[in-house]
Amino acid sequence: MPEQPEQPYDGQAIAPTGGGGAYDLAMAEAETLEKNPAGPEGTGPDNKPRSLWSDAWHDLRRNPIFIVSGLIIVFLVVIAIWPQLIASGNPLDCDLSKAQEGSQPGHPFGFNGQGCDVYTRTVYGARASVQVGVFATLGVTLLGSVLGGLAGFYGGAWDGFLSRITDVFFAIPVILGGLVLLSVVSANSVWPVIGFMVLLGWPQISRIARGSVITVKQNDYVQAARALGASNSRMLLRHISPNALAPVIVVATIALGTYIALEATLSFLGVGLKPPTVSWGIDISSAANYVRNAPHMLLWPSGALAITVLAFIMLGDAVRDALDPKLR
């Protein structure tokens with residue numbers, strides 16, 4: 001029988017029968033993976049499935065809302081720590097002869113009712129607002145997550161007791177509680193305001209954490225860990241907490257902007273931050289009486305407050321979309 005000429009290999013792993021076909025198929029698959037090391041969607045370079053957090057970060061990096069809000073927040077944090085980078089003046093230096101005057105060279109935002117530079121006070125006002133928002137969110141998240149997580153994990157009498165306490169705090173109006181509690185505090189710092197927000201803000205995070213822990217602890221891997229003799233602390237720290245944090249992080253991120261707005265509201269009402277502390281809420285309150293004659297006094301601090309709150313809400317929405325599998 002004449003010898004058939006050898007056909008060139010065209011990359012197709014098709015063989016008639018026998019072990020050679022399986023071998024060719026495996027070789028073709030290996031070549032395909034080598035050409036595409038990233039693997040299919042949802043896997044990493046080593047063809048392993050990504051975790052929830054890595055998958056969320058993968059989506060966030062491609063979300064323009066996250067990028068824009070993140071840049072705004074980074075800028076706010078930088079000027080809150082080092083306001084002198086973009087404002088060389090002193091926010092407490094005032095000249096009554098320039099009160100309510102508009103924009104001038106070197107003073108683009110004009111002057112307020114006491115003759116203070118509005119631009120400098122707007123820049124320095126970011127420090128108090130960001131400080132209150134960040135520390136209040138950290139305190140609320142830590143306290144609420146611990147109490148709610150323990151209630152959801154152990155249940156029983158502890159769960160019932162915490163639920164009733166949570167209902168009591170939910171029944172307290174936030175603004176009314178601030179007027180009552182902060183009106184008796186004379187300390188000139190941000191910590192009374194932060195303490196008030198933590199006191200009335202933890203029930204929301206607690207309820208979210210409780211529901212998330214109850215859902216997670218019913219999963220098979222938690223039951224398997226319990227059957228293998230894992231202690232309660234190990235199950236909480238290693239198996240339940242990492243998988244129950246996503247809803248808490250989403251709510252905390254959105255709440256950060258809410259706490260900044262709440263601080264401005266309380267300062268506007270006169271029970272939040274007090275002079276000589278520089279705050280957007282204080283400047284908005286002092287500008288309310290001059291809104292007709294000097295609207296620039298109200299425009300710039302209220303605009304900075306609105307942009308800050310909007311940036312944190314947008315960030316929270318982007319994180320929620322990335323961490324919620326139902327929205328994919």
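# Thr120 and the helices around it

User: Which helix is Thr120 found in?
Analyst: Thr120 is found in helix α4. Helices are DSSP runs of H or I with at least four residues, strands are runs of E with at least two, and both are numbered from the N terminus.

User: What kind of model is it, and what does pLDDT limit?
Analyst: This is a predicted model, where local features need pLDDT of at least 70, side-chain atom pairs count only at pLDDT 80 or more, and totals for chains, interfaces and linings use all residues. Residues are numbered from 1 along each chain as its sequence is written, and side-chain values use heavy atoms, with hydrogens and water left out.

User: Back to Thr120. Buried or exposed?
Analyst: Thr120 is buried, because its relative accessible area is 3%. Buried means under 20% relative accessible area, exposed means over 50%, and partly exposed is in between, with a 1.4 Å probe and protein chains only.

User: What is Thr120 in contact with, leaving aside neighbours within four places in sequence?
Analyst: Ala87, Gly89, Asn90 and Pro91 are in contact with Thr120 on that basis. Contact means heavy atoms within 4.5 Å.

User: And Thr137, which helix is that in?
Analyst: Thr137 is placed in helix α4, residues 118-154. Thr137 counts as buried because its relative accessibility is 8%.

User: Which backbone oxygen lies 2.6 Å from a polar atom of the Thr137 side chain?
Analyst: That of Gly133. For reference, a polar contact is a pair of N or O atoms within 3.5 Å; within protein, one must be able to donate a hydrogen and the other to accept it, and residues adjacent in sequence count only if both atoms are side-chain atoms.

User: What else is in contact with Thr137, beyond four places in sequence?
Analyst: Ala252, Ala255, Leu256 and Tyr259. Leu256 lies in helix α9 and is buried, since its relative accessible area is 12%. Setting aside neighbours within four places, Leu256 is in contact with Gly133, Val134, Thr137 and Phe312. Leu256 and Val132 are 124 residues apart in sequence, with 9.0 Å between their C-alpha atoms.

User: How do α9 and α11 cross?
Analyst: The axes of α9 (residues 232-269) and α11 (residues 296-323) come within 8 Å and cross at roughly 170°. Axes are lines fitted to C-alpha atoms, for helices over the stretch in contact, and angles run from 0 to 180 degrees between N-to-C directions. The two helices are therefore roughly antiparallel to each other. Angles under 35 degrees count as roughly parallel, over 145 as roughly antiparallel, 65 to 115 as roughly perpendicular and the rest as oblique.

User: Which residues meet there?
Analyst: From α9, the residues include Ile249, Leu256 and Ile260, and from α11 they include Phe312, Asp317, Arg320 and Leu323. By class, the contact of α9 with α11 has 14 nonpolar, 4 polar and 2 charged residues. Ala, Val, Leu, Ile, Met, Phe, Trp, Tyr, Cys and Pro count as nonpolar, Asp, Glu, Lys and Arg as charged, and the others, Gly among them, as polar.

User: New topic. How long is α3?
Analyst: Helix α3 (residues 64-81) has 18 residues and reaches 26 Å from first C-alpha to last, close to the 26 Å expected at 1.5 Å a residue. The expected span is 1.5 Å times one less than the number of residues. At the start of α3, a side-chain oxygen of Asn63 comes to within 3.0 Å of the backbone nitrogen of Ile65. The buried residues of α3 include Phe66, Ile73 and Leu76.

User: What about the loop between α3 and α4?
Analyst: Gln100 lies in that loop. Its phi is near 65°, a positive value in a residue other than glycine. Gln100 is partly exposed, with a relative accessible area of 29%.

User: Which peptide bond is cis, with omega near 10°?
Analyst: The one from Pro275 to Pro276. Pro276 is in the loop between α9 and α10 (280-287).

User: And how many helices and strands in the protein chain?
Analyst: The protein chain has 11 helices and 0 strands. Of its 328 residues, 38% count as buried.
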